[in-house]
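Trainee: Could you take me slowly through one part of this protein, the nonpolar core, and show me how it sits within the whole chain?

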Amino acid sequence: MKKLMIALITLAFTSTSSIAGPKIEVLHWWTSGGEAAALKVLKDDFAANGGEWMDMPVTGGGGDAANVALKARIVAGDPPSASQIKGPTIQEYDQEGVVAPYNIDAIAQSEGWDKLLDPMIAAVHKCENNSGPYCAAPVNIHRIDWMWANKAVFDANGISVPTTWDEVNAAAEKLKAAGIIPFAHGGQAWQDATVFEAVAMGIGGNNYYKNCYVDLKESCLRSETTVKVFDQMRKLQSYTDEGSPGRDWNVATGMVIEGKAGFQIMGDWAKGEFTAAGKVPGVDYYCAPTPSNNGYLYNVDSFIFYKTSDPEKQEGQKLLAKLMMGKNFQKVFNLYKGSIPARLDVPMDEFDKCAKTSNSDIKTAGASGGLVPSFAHGMAQGNTMKAALQDIITEHFNSDMSSVDAANALADSVLANM
Ligand code: BGC
């Protein structure tokens with residue numbers, strides 16, 4: 001009997017320790033072709049290191065649906081072990097007491113993240129109002145203010161890459177006259193806001209953008225400049241096709257890839273779709289920053305880690321954080337994703353010309369006051385204020401609301417949510 005007991009205890013002990021390994025449940029919204037190819041790099045790395053990955057994808061570009069699903073799990077007291085997250089929302093969840101910083105900070109300290117990241121990007125990922133321990137990890141820097149154009153379509157119609165918004169409109173008019181859909185757009189609120197912020201930075205300038213969409217100044221929101229921004233949005237809306245409402249962003253990118261439309265205005269995750277389709281910049285398509293005065297709208301994809309009492313998940317969190325900030329991972333992942341590495345020491349020689357442009361423009365913008373956070377992608381504002389801006393932008397885009405009414409509605413919406 002005693003022998004049997006010892007045998008059972010030994011068996012129980014060995015089997016528990018042999019199944020123990022890092023585990024992670026990851027909530028994210030990377031479901032398009034390019035996004036899934038990039039995420040696979042991380043999943044494969046995690047598995048190669050003995051980890052078990054439980055996937056929780058929530059479809060919907062821009063992450064609005066994923067953020068709702070995440071919030072519901074947090075409110076229910078059942079957060080995933082890790083999730084995709086953006087800038088200020090990291091602090092919001094920290095203040096709710098659900099974030100597990102100390103696991104990640106130990107990795108960050110031993111791997112020297114402070115030396116590997118720009119101090120501004122590093123601070124975004126530190127809990128306790130950006131100055132405490134690391135509680136999230138960045139994987140990339142996406143640029144928002146891009147135009148993606150089909151080269152054959154532009155060339156055949158004698159169009160060169162526009163450098164002013166008037167040239168954008170002239171190019172669109174030319175395409176329209178030639179019977180080609182000028183502007184591939186998906187009419188979803190977040191896509192409308194993505195286009196809007198590129199137009200706002202371009203037409204209003206970098207200081208206008210900061211005053212209105214970072215500092216939320218009422219006089220700026222109601223200004224004549226905001227009216228001009230809405231005027232340009234109305235023009236762009238007239239260059240979309242009838243199928244635009246509700247269309248997913250990657251379907252719109254597909255229209256440009258196939259030459260059914262001239263161009264799309266979208267962050268450089270769109271490049272991930274061109275890459276997945278085997279297309280080469282300068283050969284099959286043009287990538288060009290939308291017109292601005294050396295502006296650069298940045299958007300960092302990060303992952304945050306939530307409190308858990310499960311030791312396997314704690315191990316999974318540490319492993320994931322370590323892998324995400326790995327030098328080779330940040331190269332390979334970003335080659336697929338369309339973005340550039342968040343780590344400063346990753347060589348850019350294997351990246352294409354769009355990524356190289358992004359990498360040099362971010363430095364120019366940083367030095368000249370043009371580096372501004374995207375509000376449409378949650379870098380400038382938390383989710384509530386982002387929605388307050390997005391709601392009016394999309395309402396204007398999908399109705400015949402005047403630009404003056406839209407500028408006033410934007411200011412009212414912001415004030416009501418302060
Ligand atoms: C994310 C990107 C993602 C895009 C479309 C953005 O908010 O930063 O990683 O590819 O949404 O889903």
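Mentor: Before we begin, a helix here is a DSSP run of H or I with at least four residues, a strand is a run of E with at least two, and both are numbered from the N terminus. Counted in this way, the protein chain of this predicted model has 21 helices and 12 strands. The chain has 418 residues, for which a compact globule would have a radius of gyration near 22 Å, and the value of 23 Å found for the protein chain agrees with that.

In soluble globular proteins, nonpolar side chains tend to be buried together. The largest nonpolar core in this model has 67 residues, and Trp148, Phe196, Tyr213, Leu236, Phe263, Phe375 and Leu410 are those with the most contacts inside it. Helix α11, which covers residues 189–204, gives the most to this core, contributing 8 residues. Apart from this core lies another, of 60 residues, which includes Ala38, Ile104, Cys135 and Ala137.

For a close look at one member, consider Phe375: leaving aside residues up to four places away in sequence, Phe375 touches Ala193, Phe196, Glu197, Tyr209, Tyr213, Ala380, Gln381, Lys386, Leu389 and Ile393. Two of these partners, Phe196 and Tyr213, are themselves listed with Phe375 among the residues with the most contacts inside the largest core.

Note on methods: Residues are numbered from 1 along each chain as its sequence is written. This is a predicted model: local features need pLDDT of at least 70, side-chain atom pairs count only at pLDDT 80 or more; totals for chains, interfaces and linings use all residues. Side-chain values use heavy atoms; hydrogens and water are left out. The radius of gyration is taken over C-alpha atoms; the globule rule is 2.2 Å times the number of residues to the power 0.38. A nonpolar core is a set of buried Ala, Val, Leu, Ile, Met, Phe, Trp, Tyr and Cys residues joined through side-chain atoms within 4.5 Å. Buried means under 20% relative accessible area, exposed over 50%, partly exposed in between (1.4 Å probe, protein chains only). Contact means heavy atoms within 4.5 Å.
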